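Have the structure open as you read.

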Amino acid sequence: MHMDWLADVIDYGVIGFLAALSVIVIAVAFERFFYFRALDTAHFTHGKALELALSQRLMIVASVASNAPYIGLLGTVLGIMLTFYNMSLEGAADTTKIMVGLALALKSTAVGLVVALVSVVTYNALLRRAKVLMLEWEIAHS
């Protein structure tokens, strides 16, 4: 391959970025879990203030969940473009190199989907817990 360094940049850049996003999602999940666990809803006198406190940082998890597949797809498209570019430079179609290049390109999409799935489950679990705490507060204050 003529541009191995570019393949590494695409591969490690996209997958590294997705890995960083997954670490952020996990960090937010732990922070919210411990916050929800320690939260005393009795200290809140207004329901909207409680709702604001409960929903902090959930947007980060939702954004990762909705964008991770696209980031993975971008890595796949760039990898496929690089595979076709390298094929054009070699002038011959070696099916083994093509299949290896395409298989490696598709791993970005797979990683993006895994990050998205974990993020969606995390978001739904956090949102459910926030709604339960909100309903408990409403029941206690009505």
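In which helix is the place of Phe 30? Phe 30 sits in helix H1, residues 4-38 (helices are DSSP runs of H or I with at least four residues, strands runs of E with at least two, numbered from the N terminus). Bear in mind that this is a predicted model, where local features need pLDDT of at least 70, side-chain atom pairs count only at pLDDT 80 or more, and totals for chains, interfaces and linings use all residues. Residues are numbered from 1 along each chain as its sequence is written, and side-chain values use heavy atoms, leaving out hydrogens and water.

Now for the helix pairs, with axes fitted to C-alpha atoms over the stretch in contact and angles running from 0 to 180 degrees between N-to-C directions.

| Pair | Angle | Axes |
|---|---|---|
| H1 and H4 | roughly 15 degrees | within 10 Å |
| H2 and H4 | about 160 degrees | 10 Å apart |

H2 covers residues 47-55 and H4 residues 95-140. H2 and H4 are therefore roughly antiparallel (an angle over 145 degrees). Gly 47, Leu 50, Glu 51 and Leu 54 of H2 make the contact with Ala 130, Leu 133, Met 134 and Trp 137 of H4 (contact being heavy atoms within 4.5 Å).

On the H1 side, the residues meeting H4 include Asp 11, Leu 18 and Phe 36, and those of H4 include Lys 107, Val 115 and Leu 133.

There's a charged link here too: Asp 11 forms a salt bridge with Lys 107, with the closest N and O atoms 3.0 Å apart (a side-chain nitrogen of Lys or Arg within 4 Å of a carboxyl oxygen of Asp or Glu). Asp 11 is in H1 and Lys 107 in H4, so the pair ties together parts 96 residues apart in sequence. The count by this rule is four salt bridges.

Technical notes. Parallel < 35°, antiparallel > 145°, perpendicular 65-115°, else oblique.
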